[in-house]
Every structure is written in C-alpha cells, then in structure tokens.
Amino acid sequence: MDKSKNQKKSISQKENLCKKNNFAGKIFVKIILRIVTIFCIALALFFGGKYGMKEFTRYQIEKKHALVEREIKASAELVLYKMRYSDIIAIKKRKSVSSAYSFVRFSGIIRAGIEDLTLCQISISENGKSLRVKIPPTTLLGNDIQSEEVFDERQGIFAKITTQEIFDEIAAAKEEIAKEIIAEGLLDDADARAALVIRQMLSPLGFKEIIVEK
C-alpha cells in the first residue's frame, strides 16, 4: 500500500516538474521573441530615421541650391568696377593748300564685371553648410561715351572735317583708353572684388562657409 502511494507520489512529482519545465520553456521563448521583436523595431526605427534624415537633408540642400540659383539669376550681369574718364583729341586735315582742324573734348564710362552670372557653377556640401561657387572670368562690359564737345575748330575751303570723322576719331581714342586702363589692372581689380560681392550677395542664405573661385 505504501509502495503504491510512493509510486503515485513520484509520478505526480514528475508531472509537476514537467509542467514547470514546460511553463519555464514557454516563458523563455516569449522573452526571446519579445527581445527579438524589440530589436527588430529598434533596427527599423534606426534605419528609418537614418533614411528620413538623409531625405530631409537632401531636400534642404536642393532647396538651398534653388535659392542660390534664384539669387544669382536676379542679377544676371554683375558690374564690379566702373570708371569715368575724359580726354581731348585733335583732328587735323589738309587738302591741297587748304587745312582744317577740330579739338574735341569727350568723356565716357568703362564698366567691368561678369557678363552672365548664370554661368556660375554651384556645389553645396553634403551637410548643407558650405557653398562653393565657380565664377566666369571678368570682362569689359561696356565703354560708353557720355558727352562730347567740339570747343575749337577751323574749316578750310577744300579741307573740311565731317561729323563722321569726329565720331571715328573718338571711337579710336576710347578704344586706346580702354586698353590702357585694362593694362593698369582694371580686370584684376574686378576679379578681386568679385569674390567679396558674391559672398555678400549669398551670405543671407545661411551658409557657414562660402568659397568663391575662378
């Protein structure tokens, strides 16, 4: 009788132990599954956030690029240097025994700068903080006569100085003046000023660094 009871008791203990082991196993599996689920969610959030941040940064860079282009297009021709000049020319003409002359005073303005700013090459760093602008070379934009005056002249019977001849002499003189001013460093001065002006133009857009190069 005692032996039978002991056997039943032993079987009951084994069954209880099996139940406990099964329960512990289920709990362990649930814990593992929960850890794996949390890890997968964290991984998804990490890569999702990283992708989202990358897309946001790309959008910000494209937006800044568009702002830079708009600012540049707003002033397509950039005048960097303007210089006034004046001169007097003497025009003489002789025909047979007759002669004529004219003294002409004239003034003009020479402009130097970048003819077309839209030709600038723009690049923005990956973090959107640095802007690099490669600019076209500076050139002579204009050489315009502002005033002219014949203040002394004498016309001969056979030798007369025409208005067209005066215009031609002024045109030749202004070209020589332009060559002299360029030789003195006009375009070099314009180049030096270009970087400063473009930085000032684009600095309100919020870049930490603006690099201007030729």
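This is a short exchange about how the labels on a predicted model were assigned.

Modeller: The model is predicted, so local features need pLDDT of at least 70 and side-chain atom pairs pLDDT 80 or more, while totals for chains, interfaces and linings use all residues. Residues are numbered from 1 along each chain as its sequence is written, and side-chain values use heavy atoms, without hydrogens and water.

Colleague: What makes Tyr101 and Phe103 an edge-to-face pair?

Modeller: Rings of Phe, Tyr and Trp (its six-membered ring) pair if their centres lie within 6.5 Å; planes under 30 degrees apart are stacked, over 60 edge-to-face, the rest tilted. Tyr101 and Phe103 are 5.6 Å apart, centre to centre, with 65 degrees between the planes. Hence edge-to-face.

Colleague: Why is the pair of Phe103 and Phe151 called tilted?

Modeller: The centres of Phe103 and Phe151 are 6.2 Å apart and the planes make 35 degrees. That angle falls in the remaining class, so the label is tilted. The pair links distant parts of the chain: Phe103 lies in β2 and Phe151 in β5 (residues 139-154), 48 residues apart. Strands here are DSSP runs of E, at least two residues; helices are runs of H or I, at least four; both are numbered from the N terminus. Ring pairs join Tyr101, Phe103 and Phe151 into a cluster.

Colleague: Why does Phe151 count as partly exposed?

Modeller: Buried means under 20% relative accessible area, exposed over 50%, partly exposed in between (1.4 Å probe, protein chains only). Phe151 has 37%, so it is partly exposed. Tyr101, at 25%, gets that label too. So does Phe103, at 27%.

Colleague: How do you know that Arg105 lies over the face of Phe151?

Modeller: The rule asks for NZ of Lys or CZ of Arg within 6 Å of the ring centre and within 35 degrees of the ring normal. Arg105 is at 4.5 Å from the ring centre of Phe151, and is listed as lying over its face.

Colleague: What makes β3 and β4 partners?

Modeller: Two strands pair if DSSP finds at least two bridges between them. β3 and β4 have 4 bridges and run antiparallel. Ile122 stands opposite Val133 in β4.

Colleague: Why do β3 and β6 stand at the edges?

Modeller: The open sheet has 3 strands in the order β3-β4-β6, with mixed pairing. β3 and β6 each have a single partner strand, so one side of each lacks a neighbour in the sheet.
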